[in-house]
Amino acid sequence: MISILYVDDEPGLLEIGKLFLERSGEFGVDIIPSAPAALTLMNTKNYDAIISDYQMPEMDGIEFLKTVRRSGNAIPFILFTGRGREEIVIQALNEGADFYLQKGGEQLSQFTELAHKIRQAVSQRQAVASIRSHERREADIINFLPDATFAIDKTGTLISWNQAMEEMTGVKASEILGKDNYECAIALYHERRPMLIDLLLAPDEQFEKDRYHYTIHDNRMLTAETTFKRPDGIPVHLWGKASRLFDENGHLVGAIESIRDITERKNAEEAFADNRRVLDTLMHNLPGMVYRSRNDPDWTMEFVSGGCKNLTGYDPGDLIDNRVVSYASLIVPEDRQYVSDEVRKSVEGLNPFQMEYRITDKTGRIRWIWEQGRGVFNAHNELVALEGYSLDNSEHKQAAETLSQANRKLNLLYGITRHDINNQLMALNGFIELLHEKTPDPALDYYFTWIMQSTARISAMIEFTKEYEAIGITVPAWQNLRTVVDTTAQQAALGKILVKNDLPAGTEVFADPLIVKVFYNLIENAVRHGGKTTTIRFFMDDRNGDHILVCEDDGFGIPKAEKEKMFNRGFGKNTGLGLFLAREILSITGITITETGEPGTCARFEITVPHGLYRLSEVP
């Protein structure tokens, strides 16, 4: 229903007008006798149209119309009056009246015509409002596009310039709309020149070729990239897309272009490309092979670096996607299960793997391979590939085997030599004792004593070579110190001396297995040389990130002058080899030992374990 406000100072005319208009049910009419009262009513209710007389006492129809229009109200306004002067009609239309209708004549036809004018005015106003609303929506959409966007008509005049375009160029829409002659190019490129949008309406192949690259023509659209320098010399990369605009009849009316600053993306792409080139150069010049293999029965190679040729004798292309032979088939049969088990354990524990195995290269030669890698998992934690690095370790293995054989031969020679010398010493000592018995001359006892002491020293030196020979033979491993101390204390002749083991349960250090001899020597020295020793205590002390293992007794201690000398070979009351060997054993893995006790009060040996060589294992 169309809502109407009818204003007239004639009550009878108001009543009859209301009756005629409302009888069809199409209109709802409010009647009021004066313009000021109508203005008050309009503040409380919205109407679709106004019918107003011209000549009224307080405010005539023209003044009423002007007041409505000054308020910004575009409501349809029909001047319905008995005065028909031409100047009134012209003034009414100039002030924004939609129609002018003169009273008089047969009332049915007169109000029928009035109803027709109301419908026409309301329909036109709704159409205009719809068009403006549509234009506002289009303007809002363009304005809030994330990409800088502008439009021109067929003459090149700017008709749209969104907020992103203002931000990109620093030029406000109010300053540039309505301008032509490539004004937008000045705002963007700081020169007057065609832009992508202009090339779409007026193609220029040579200019397009000179200024744009990666150009794509697609029916009504043109996409391209361009590079230019700002006034400060910094290069800028832009991506643009232009499209022709057509009206509802398919006639060309202009074009629209969106621009995106892709400088950061281009710089990132160039940096990535540079890094990729460096990485490719590094990978393909490594002595070993970088690889990625799929999770399938043959671990098919997806990528292998140039080191593949040196490692296997095959070109990278021969191994990728199994085109000639799979890498897994090169592993010697005896080692395949080991390799499979190592990979499986690594994958299940989500840890990197490291292993050595043998392959048969293209020439049939057996090579030792050292390999380190890891599993690659997808978002569902499923294994999809392996990545790693393989290196020919054949020369290292051969050198290690050669050295091992040489050591075995030397050890055999040392053993035989020690055995033979010990046999000769036994014979020598026996003959000396027999000679001493046969010549019981007190004047010769001093010489016989010195001879026996010398042979004893020779025997101790031979025993030292046996002990020193064993250092470093066995691979270092994690040693449970609490267990080592307990075991060593049980084996030592302690007498009444108490050994207190205050080391935390699970205390472990990475050391040569001969560390047992270190603790035995410390306990033996405390028993033999402590004098008044009653307690030997082992405990841990953390200091500056290092872990200090302390062996402390309550004996006489070590004189200051002997604190460092005591670790030298040959120093001491017996063989002088115990603490020398202790320092050598610990140094295998970088562990150090010093004596820091107070002379006359205690002996205190501090064994410093560097970071990474100490841990607390879980105690069952």
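Modeller: Opposite Val499 stands Ile536, in E20. The model is predicted, so local features need pLDDT of at least 70 and side-chain atom pairs count only at pLDDT 80 or more, while totals for chains, interfaces and linings use all residues. Residues are numbered from 1 along each chain as its sequence is written, and side-chain values use heavy atoms, with hydrogens and water left out.

Colleague: What joins E18 to strand E20?

Modeller: Four bridges join E18 to E20 (residues 535-543), and the two run parallel. Strands pair if DSSP finds at least two bridges between them. Four meets that cut-off, so E18 and E20 pair. Strands (E, at least two residues) and helices (H or I, at least four) are DSSP runs, numbered from the N terminus.

Colleague: What is the order of the open sheet of five strands?

Modeller: The order is E18-E20-E21-E23-E22, with mixed pairing. E18 (498-501) and E22 (592-595) are the edge strands, as each pairs on one side only.

Colleague: How do you know that helix H17 packs on the sheet?

Modeller: H17 (residues 481-491) touches E18, E20 and E21 (546-553). Touching is contact: heavy atoms within 4.5 Å. The direction of H17 makes about 170° with that of E18. Such angles run from 0 to 180 degrees between N-to-C directions, with axes fitted to C-alpha atoms, for helices over the stretch in contact.

Colleague: Why does Arg367 count as buried?

Modeller: Arg367 has 12% relative accessibility. Buried means under 20% relative accessible area, exposed over 50%, partly exposed in between (1.4 Å probe, protein chains only). The value is under 20%, so Arg367 is buried. Its place is in strand E15 (residues 366-377).

Colleague: What makes the link between the side chains of Arg367 and Asp392 a polar contact?

Modeller: The distance is 2.7 Å. A polar contact is a pair of N or O atoms within 3.5 Å; within protein, one must be able to donate a hydrogen and the other to accept it, and residues adjacent in sequence count only if both atoms are side-chain atoms. So 2.7 Å is within the limit. The Arg367 side chain also reaches the backbone oxygen of Leu311 at 3.5 Å.

Colleague: Why is Glu508 called buried?

Modeller: The relative accessible area of Glu508 is 10%. That is under 20%, so Glu508 is buried. Glu508 is found in strand E19 (residues 507-511).

Colleague: Which side chain makes a polar contact with the side chain of Glu508?

Modeller: That of Arg615, at 2.6 Å. Glu508 touches other residues too, including Trp478 and Tyr614.

Key: Lists of a residue's contacts leave out its neighbours within four places in sequence.
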